[in-house]
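This briefing is intended for a reader who is meeting the structure for the first time. Please view the sequence and the model shown here before turning to the points that follow.

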Amino acid sequence: MNLKANYNKINGYILLKNGKIYDSFLSLNKAADILIKDGIIYKIKNKISEKSNYKIIDCKDNIITNGFIDLHSHFREPGFESKETIETGSNAAFYGGYTRICTMPNTDPVIDTPELVTHLINRSKSLPIYIHPIGAITKGQKGKELAEIGGMVESGAVAISDDGIPLNNSYLLRVALEYSKKFNIPVINHAEDSFLVNEGLMHEGKKSLKLGLSGNPDISETTMIFRDLSIAEYVKGRIHIPHVSSYKSLKIIDQFKKSGLNVTAEVTPHHLCLTDEILNEFNTDAKVAPPIRSKKHKDALIKAIQTGILDCIATDHAPHSIEDKEKDFKNSSCGMIGLESAFGLVNKNLSDKMKIESIIDLFTVKPAKIINLNPHLIKEGSLAELNVINPNYKWIFNENYIQSKSKNTPIIGKELMGKVLITINKGYISNCKIS
Amino acid sequence: MHKLETKHLLGLEFISKKDIEKIIDVGFIFREVLERPIKKVPTLQGKNILNLFFENSTRTKISFELAEKRLSADVTNFSSSFSSVQKGESLKDTVQNIQSMKMDCVVMRHPVPGSCIQLQNYVDSVIINAGDGTHEHPTQALLDIMSIKEKFGKIKNLKIGIVGDILHSRVALSNIFGLVKLGAKVKVCGPPHLIQRDIEMLNIEKTYNVDELIEWADVLNVLRIQKERMGVGIIPSIREYRKFFGITNERLLNHNKELVIMHPGPMNRGVEIDSEIADSSQAIILDQVLNGVAVRMSVLYLLLGNNELES
């Protein structure tokens, strides 16, 4: 079912009343009304008087925050438009409260030239989100020759990654980490030793034993993270670790952070909130790389997001068509969508452990810092780039409301807590859905 | 005229400041010889010199040959591609002939660092390093220093920038050794992965920003980008290198300053340096070539000459 776009252009005035404002960047935390005129924050004040030409939105019990930023999404365009396009991905993002998306370059062609970076940014101009492309480390992601990293950064790339394909050539990783120092961007390596992975289909442990599926051990991740951080430390480079999945990786990240290395790390909602129990029915929607691991790992990841060893949430939104997923477990593609369920899933699992402001930080200021982004903040005169969130709203993740072109997620039918009700960005407002 | 303290010229790291200055001073004398209609002196008559080149070189080889012949020495050339030596012939075997031929001097170029230093163990001849892999190229640095001295009258406290693939450049390393010894300030610039990690330990500075280098320097020595490096994927593309490190016309126009431009050659016009720059009055590239012959004459004379130099 193709839903039409779930947002409208803003005309005239919008008054957000009775809400509590939390701006992660400004450390602003207060109750106030916001009056938005033609997409720009016109006034922030207590009890702004209502006028007849204002569209009034009652934000009682809601928090008004910055728009979310995702460091890790796959929008599949160019090349795999049957799974997702920039439009449908953008809809999914906006509906999940995201105003900025970093797209991974493993499209067809791979995003490895300045021209392709510019193309993506241009494609997003008419859409309600900003796209910040991540460029490839190597040409065609083949792991052999450096891509035009400088040119891509100049055109707007915010990081480089050969995501999906680990950089097995350690020397090339060294070179990438050194070269990228000139351009002030982080290098993101998909940390899985392909040899240790050995075509493992799920986490190697008690569950894989019972299910009879080949196992992908946690050491495939940790050995590579150790290698990557050692190299980064040696050349004083800047590195960001994607989708951390194992508790053993956390010790290593902590150790290198303490020694002064400029390293950051992200975790996905699915690694943070699920365990490999989800694979009991061999549900291919839960087949991801790196795999979802056992409770011990999940608990450690949750602790790490609280202590700051893990810096932020990143969805690794990975749409796959029905054909890709309706296969036997071995041949099914890896990945799940995540933009629309991210906040609800994470908030549900962390709300008893962290303040709501700290949870929101994981979606806003923490990812922004990693790629030196300066979004529009919640102050007068600023372009409105914000979310209205009900952190206590319980809802079932319903397949029919998914904006993404693909529906591959095991979260369908699950109860989440916390929802982004309204997103405002670039003069657009998402369709209001208030409980 | 007193000889040098050193017996060989293996690298600028190994010879004294005094020796460097003497070579340069005598280089200027031979420069004058090269301006005469008869550009020859009998100083090294009867001396046998072997040009032992294990690596391709046209310019350095010709320059050495010219220097040797202008000094009236007897010259023998041995060219060997590295691969034929690898086929089993050891360095020692190749050069044992030199001993039996009673060569006074070997001018050697080899692709592996240290080969000329190892040569000391096998022959009695005076050894001149014409380039040993990514290690040193002392006569190139000497001609560079001579050219700078010719233009500015001094070396001390001058600001010399070197830009390019520093990591693989024997020209850069020799220049660094020589210039620092003579009191110049040196700063290198290039893609971060093409600058040695510990290079600041040689008492120089580094920057990854070529505009910053241009703003700072009195002299800019522009190194050739080896296209072979692009195949291996270390330099993403010519346009990327040129955009961020190229000494282009636009870039220099933006800075609008008097900057002396040098290049060891051969140039990749339009890559590391634009034609307008290379052919401009700021560039002293052709003087470098002329000084190359002169400084090599000076080195040969000071290491091999018995006679007093006629004025």
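In this predicted model, E50(A) and K17(A) form a salt bridge whose closest N and O atoms are 2.4 Å apart. The two partners belong to distant parts of the chain, 33 residues apart. E50(A) sits in the loop between strand 6 (40-45) and strand 7 (54-58) of chain A, while K17(A) is in strand 2 (residues 13-17) of chain A. Over all chains, the count comes to 34 salt bridges.

**Backbone features of chain A**

- E77(A) and P78(A) are joined by a cis peptide bond, with omega at about 5°. P78(A) is placed in the loop between strand 9 (68-73) and helix 1 (86-95) of chain A.
- Another cis peptide bond runs from A289(A) to P290(A), where omega is near -5°. The loop between helix 9 (269-273) and helix 10 (295-307) of chain A holds P290(A).
- K236(A), a residue other than glycine, has a positive phi, near 55°. This residue is found in the loop between helix 7 (219-235) and strand 17 (238-241) of chain A.

**The interface of chain B and chain A**

- Contact between the chains takes in 22 residues of chain A and 18 residues of chain B.
- About 1700 Å² is buried between chain B and chain A, and 51% of this area is on carbon and sulfur atoms.
- On the chain B side, the residues that lose the most area to chain A are H193(B), R197(B) and P236(B). Together they account for 31% of what that side buries.
- Three salt bridges are found across the interface of chain B and chain A.
- A salt bridge also links R239(B) with E148(A), and the closest N and O atoms of this pair are 2.6 Å apart.

**The two domains of chain B**

- Chain B is assigned domain 1 (12-137 + 289-305) and domain 2 (138-287).
- The C-alpha centres of domain 1 and domain 2 of chain B are 25 Å apart.
- In the contact between these domains, 36 residues come from domain 1 of chain B and 26 residues from domain 2 of chain B.
- The area buried between domain 1 and domain 2 of chain B is about 2700 Å², with 64% given by carbon and sulfur atoms.
- L12(B), H137(B) and N291(B) supply 26% of the area that domain 1 of chain B buries against domain 2 of chain B, more than any other three residues.
- Between domain 1 and domain 2 of chain B, the count is four salt bridges.
- D25(B) forms a salt bridge with K149(B), in which the closest N and O atoms lie 3.9 Å apart.

**The largest pocket**

- The volume of the largest pocket is about 890 Å³.
- Its lining consists of 36 residues, and those closest to the centre are R109(B), R170(B), R224(B), G265(B) and P266(B).
- Several elements of chain B give two or more residues to this lining: helix 2 (59-70), helix 6 (138-152), helix 7 (170-181), helix 9 (228-231) and helix 13 (285-304).
- Helix 13 of chain B provides the largest share of the lining, six residues.
- By class, the lining of the largest pocket holds 16 polar, 11 nonpolar and nine charged residues.
- Why is the largest pocket placed between domain 1 and domain 2 of chain B? Both domains give residues to its lining, so the pocket lies between them.

**The second largest pocket**

- The second largest pocket has a volume of about 700 Å³.
- A total of 31 residues line the second largest pocket, and G164(A), H190(A), A289(A), C334(A) and G335(A) lie nearest its centre.
- A289(A), one of these residues, also takes part in the cis peptide bond to P290(A).
- The lining of the second largest pocket divides into 12 polar, 11 nonpolar and eight charged residues.

Note on methods:
Residues are numbered from 1 along each chain as its sequence is written. Chains are lettered from A and ligands numbered from 1 in the order in which they are written. This is a predicted model: local features need pLDDT of at least 70, side-chain atom pairs count only at pLDDT 80 or more; totals for chains, interfaces and linings use all residues. Side-chain values use heavy atoms; hydrogens and water are left out. On a 1 Å grid over the protein atoms alone, a cavity is a set of points where a 1.4 Å probe fits but cannot get out, and a pocket is an open set with protein on both sides within 12 Å along at least five of seven lines; lining residues have an atom within 4 Å of a point. Grid points are joined across faces, edges and corners, and a volume is the space filled by probe spheres set on the points. Helices (H or I, at least four residues) and strands (E, at least two) are DSSP runs, numbered from the N terminus. Ala, Val, Leu, Ile, Met, Phe, Trp, Tyr, Cys and Pro count as nonpolar, Asp, Glu, Lys and Arg as charged, and the others, Gly among them, as polar. Domain bounds come from an automatic or database domain assignment. Contact means heavy atoms within 4.5 Å. Buried area is the accessible area (1.4 Å probe) that two parts lose on being put together, summed over both. A salt bridge is a side-chain nitrogen of Lys or Arg within 4 Å of a carboxyl oxygen of Asp or Glu.
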